[in-house]
Amino acid sequence: MEHRVLKGFPADFLWGSASAAYQIEGAPFEDGKKASVWDNFVRIPGKTFKGTNGDVAVDHYHRYKEDVALMKELGLKSYRFSVAWSRIFPDGKGKVNEPGLKFYSDLIDELIANNIEPVVTIYHWDLPQALEDEYHGWESRQIIPDFVNYAETLFNAFKGRVKYWISLNEQNVFTQHGWVLATHPPGKKDMKLFYQVNHHANLVNAAVINKFHELNIPGEIGPSFAYTPNYSIDSNPKNVLAAENAEEIFANFWMDVYCQGVYPIVALTYLKENNLMFDMEEGDEELLKSAHPNFLGINYYQSSANAWNPINGGVQIGEMNTTGVKGSGGEQGIPGVYKKVSNPAVDRTNWDWEIDPMGIRIALRRITSRYRIPVMITENGLGEYDKPEESQVHDDYRIAYLSSHVKSIQEAISDGASVIGYHTWSYTDLLSWLNGYQKRYGFIYVDQDETMEGSLKRIPKDSYYWYQNVIKTNGQEL
C-alpha cells in the first residue's frame, strides 16, 4: 500500500551495527581459548578466498576500547556481537575459562558506559573443535545439553547488563553450507544429514529459549534468521508454484518452527517423498512448541526470483560467487521444486546478491501477518570493494543501499510491522568468511588488504557520518 504520511521510527528504536567473533577478534589461542571449527577449517586449502583466516582479523580482541569509542562518536544505540564458545569453554564444556568470560564482561561494561545497548549473539558458527572431535558436534543430540550449559553460563554472568539475546545466528546458513554445500565446517555434502542436523539445532534453540525464561533473565531472546523472500519471475502459475515451494522449503521451514513450533506440511511431504525425513524422538514436538521467542531476528540482504525447474533435467545446486567477479555464480535449484533466476527488475552486487530494498518491506509484512511477532533487523548491509583516497573512503553506493532499505523499513512500520531495531552489517570491515578481506561491509575502513597485510588503522567512511545523522534524527533524514 502507499501511505500519504509515513509513521516515524519508535523513540526507543535501536539504531545499531553488528559483528561476529571469528570475523573480528583475532587472538584465537590467547588467554586460554582453544580452537573452534573455523580455526581449523580455514587451514584447508581452497576453502577461503586466497587462504585468508581470522588469526588476526581486525584485532578487536586487543582494540575493543578503540572500536567502542568510535561507536560512541557515531552515536550507536546498540551493538550486536557474538561470543566465541571456545573462549568460555575451551573444550566446549567443563570448567569455565575466566579470562575469556572477562573479555566479554569488560566489553559489555565498556558499551554500557558509553550508553550503547549490548545485543549478544550466543552462537555465530564457531563451534568448539573439541565437541566436533568428541561427537561430531551438531550431528549429535549431545549438543543440546552442552549448548544449554554454555548459554546458561552467559545468562548468569551477564544477567541485568544484557537485555537482548540472539540464540542462534542464521541456522539456515550454517547448516546448509556445512552439510549441503561443504563450504563451511564440517565440509560435508549429505542432504539427509543436513536435515537431521537442522532438527538438532531447532531443539537447541527451543531449549535455550526455555532456559532463558526458566531462569527469569530480565530481557528478551530470539533466533536470527537469514530471510530471502521468494518471488515468482512472472505470473505463469508454474513459476508461482516454484516460488511457493522455495518459500516453504527455505523460509517457512525455519520460521514456522521458531514462531509456531511446527514444521510446514508441504516441506515435510517433500522430505518424506525423497527419503530425507529426519528422526524425531519422543518429546521433540512438545519441546519445539513450548519455546516462545520474544522477537525474531532477521538478516536481510536480498530477495530471490524463482521459476519452474523440471524434475528431469532441471538445474541443481551450482557454484557460489566468492570471487567478487560479477556474473560468475552458477545457477541454483532443486529439480521438481524451484530454480533461482535473475530478476531483471533489480541490480546486483559484484558478488551477485540482488539489491532489492522493497524486499525487506515484503519480508516484514509477511512475518507480521504470519507470526504476529516483533522483528529486530539483526543484519543488513552491502559488501563491496572500498578504496581509500587520501585517508578518506567515499562509499556513496553503501549510503544509497542502506538509505533505501531504512526507508523500506519505515514503510513496513507504516504498514503495521513491529520493528524494534536495525543493525547494519557490519560495524568495521572484517573477514568475510569465504570472501576474505576484499569484500568490505563496514562503516569503519580497516587497513587490511586481501592478503592480510596492513596497519589495521581505523578510518571512518562517508557512510559512518551518514549513519551518524540518521541516528541523530531518528531516521527522519536519510
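Predicted model: local features only at pLDDT ≥ 70, side-chain atom pairs only at ≥ 80, totals over all residues.
At what angle do helix 8 and helix 9 pack, and how far apart are their axes?

## Helices side by side

Let us start with the answer. Helix 8, covering residues 171-179, packs against helix 9, residues 191-214, at about 150 degrees, and their axes are 9 Å apart. That angle makes helix 8 roughly antiparallel to helix 9, because angles over 145 degrees count as roughly antiparallel. The two helices cross in a right-handed way.

Which residues make this meeting? From helix 8 come Gln171, Phe174, Thr175, Gln176 and Trp179, and they meet Met191, Leu193, Phe194, Val197, Asn198, Ala201 and Asn202 of helix 9. Sorted by class, this contact has 7 nonpolar and 5 polar residues, with no charged ones.

Next, find helix 13, residues 357-371, which packs with helix 10, residues 237-260. Here the angle is about 45 degrees and the axes are 11 Å apart, which makes helix 10 oblique to helix 13. The contact uses Glu247, Glu248, Asn252, Met255, Asp256, Cys259 and Gln260 from helix 10, together with Arg366, Ile367, Arg370 and Tyr371 from helix 13. By class, that gives 4 nonpolar, 2 polar and 5 charged residues. Helix 10 passes helix 13 in a right-handed crossing.

Helix 13 also packs with helix 14, residues 396-415. Their angle of about 30 degrees and axis distance of 8 Å go with a roughly parallel arrangement of helix 13 and helix 14. The reason is that angles under 35 degrees count as roughly parallel. This crossing, too, is right-handed. On the helix 13 side you will find Pro357, Met358, Ile360, Arg361, Leu364 and Arg365, and on the helix 14 side Ser404, His405, Ser408, Ile409, Glu411, Ala412 and Asp415. These residues divide into 6 nonpolar, 3 polar and 4 charged.

| Helix pair | Angle | Axis distance |
|---|---|---|
| Helix 8 and helix 9 | about 150 degrees | 9 Å |
| Helix 10 and helix 13 | about 45 degrees | 11 Å |
| Helix 13 and helix 14 | about 30 degrees | 8 Å |

## Rings that meet

Now look for aromatic side chains. How many aromatic pairs does the structure hold? There are 45 of them. A pair of aromatic rings is described by the distance of the centres and the angle of the planes.

One of the pairs is Tyr22 with Trp38, which is tilted, with 6.2 Å centre to centre and 35 degrees between the planes. Tyr22 lies in helix 1 (residues 21-24) and Trp38 in helix 2 (residues 37-41), so this pair ties together parts that are 16 residues apart in sequence. Tyr22 is buried, with a relative accessible area of 7%, and Trp38 is buried as well, at 1%.

Another pair is Tyr123 with Trp138. Their ring centres are 5.3 Å apart and their planes stand at 65 degrees, so the pair is edge-to-face. Tyr123 belongs to strand 3 (residues 117-123), while Trp138 sits in the loop between helix 6 and helix 7, so parts 15 residues apart in sequence are tied together. Both Tyr123 and Trp138 are buried.

Ring pairs can also link up into a cluster, as they do for Phe194, Tyr195, Phe225, Tyr227, Phe253, Trp254, Tyr258, Tyr263 and Phe278. You have already met Phe194 in the contact between helix 8 and helix 9.

Glu170 is in the loop between strand 4 and helix 8. Is Glu170 buried or exposed? With a relative accessible area of 7%, Glu170 is buried. Leaving out residues up to four places away in sequence, Glu170 touches Trp125, Ser224, Ala226, Asn299, Tyr301 and Glu379.

Val375 lies in strand 13, residues 375-379, and is buried at 1% relative accessibility. Among the residues that Val375 touches, not counting those up to four places away in sequence, are Leu296, Ile298, Leu364 and Ile367. Leu364 also takes part in the contact of helix 13 with helix 14, and Ile367 in the contact of helix 10 with helix 13.

Finally, Lys50 has its place in the loop between helix 2 and helix 3. Lys50 counts as exposed, at 55% relative accessibility. The C-alpha atoms of Lys50 and Pro460 are separated by 26 Å, and the two residues are 410 residues apart along the chain.

Terms used
Residues numbered from 1 in each chain as written. Heavy atoms only, no water. Axes fitted to C-alpha atoms, helices over the stretch in contact; angles between N-to-C directions. Helix = DSSP H or I, 4+ residues; strand = E, 2+ residues; numbered from the N terminus. Parallel < 35°, antiparallel > 145°, perpendicular 65-115°, else oblique. Left-handed = near helix turned anticlockwise from the far one by under 90°. Contact = heavy atoms within 4.5 Å. Nonpolar A, V, L, I, M, F, W, Y, C, P; charged D, E, K, R; others polar. Phe/Tyr/Trp six-rings, centres within 6.5 Å; stacked < 30°, edge-to-face > 60°. Buried < 20%, exposed > 50% of the residue type's maximum accessible area, 1.4 Å probe, protein only.
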